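Me: Could you go through this one with me? I'd like to begin with the cross-links and then move on to the packing.

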Amino acid sequence: KEWVHCGGVQGIVEPGEAWLVTCHESDGRPAEAVRLVSHGPFYAAFAQVEVPGVAENGNNWAQCLMYNNDGTPQYFNEGTAAPNKHPGSGCCDGDASGYACINQASGPASWFEGTLTVPAPIASIKVATRVDCCADHMTGFEAYYLVSRVSPPPAPLPPLLLVPEPL
């Protein structure tokens, strides 16, 4: 798996703030997932994650989960994902109010991971922090995307030009 670093946010992230982290495409290869890794020392707490133009308003997510820093999935006080949207957290449901996604394990390197329904090139990841709590716990994060294992389709060949040969 090849995770490509997009950028990050440093320091205390205030409640209700929204950040747009720019990602640079890697040789035109599409992304199949995004990951936000907490700096710690507390837990990760996000309200909403979107990939502008790809996965917005709760659409086009196959799965969204929070993970403790030991890699176990976490469902502590999370919102419920919208029906028929995706399994996992409310962090990708299009509603940034109230409970969204949070993990319970303190320490750096806990993370959010969202898998797209269809791999797509991405230019940025939009992250909104929770409005109801946790300002002193969210101490920044790093954003990554997973390069798809599916190769993009080859470019079409130019049309074949037939030239008649003289007799």
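Me: Which hand does the link of C64 and C92 have?
Reply: The link of C64 and C92 is left-handed, with -105° about the S-S bond. It joins distant parts of the chain, since C64 sits in strand 5 and C92 in the loop between strand 6 (73-74) and strand 7 (101-102), 28 residues apart; strands here are DSSP E runs of at least two residues, numbered from the N terminus. This is a predicted model, in which local features need pLDDT of at least 70 and side-chain atom pairs count only at pLDDT 80 or more, while totals for chains, interfaces and linings use all residues. Residues are numbered from 1 along each chain as its sequence is written, and side-chain values use heavy atoms, with hydrogens and water left out.

Me: How far apart are the sulfur atoms of C64 and C92?
Reply: They are 2.2 Å apart, and a disulfide is taken here as a pair of cysteine sulfur atoms within 2.5 Å.

Me: Is C64 buried or exposed?
Reply: C64 has 0% relative accessibility and therefore counts as buried, where buried means under 20% relative accessible area, exposed over 50% and partly exposed in between, with a 1.4 Å probe and protein chains only. C92 is buried too, with a relative accessible area of 0%.

Me: How many disulfides are there by this rule?
Reply: The count comes to 2 disulfides, and C6 and C23 form one of them, with their sulfur atoms 2.1 Å apart. The torsion about the S-S bond of C6 and C23 is about 100°, so this disulfide is right-handed. C6 lies in strand 1 and C23 in the loop between strand 2 (18-22) and strand 3, so the pair ties together parts 17 residues apart in sequence. Both C6 and C23 are buried.

Me: OK, packing now. Which residues touch the most other members of the largest nonpolar core?
Reply: F46, F112 and I125 do, out of 30 residues in that core, which is a set of buried Ala, Val, Leu, Ile, Met, Phe, Trp, Tyr and Cys residues joined through side-chain atoms within 4.5 Å. The largest share of this core, 4 residues, comes from strand 10.

Me: And what does I125 touch?
Reply: Leaving aside residues up to four places away in sequence, its contacts (heavy atoms within 4.5 Å) include C6, C23, V34 and Y144.

Me: What about strand 3 and strand 8, in which sense do they pair?
Reply: They pair in the antiparallel sense over 6 bridges, pairing being assigned if DSSP finds at least two bridges between two strands. V34 stands opposite G114 in strand 8.
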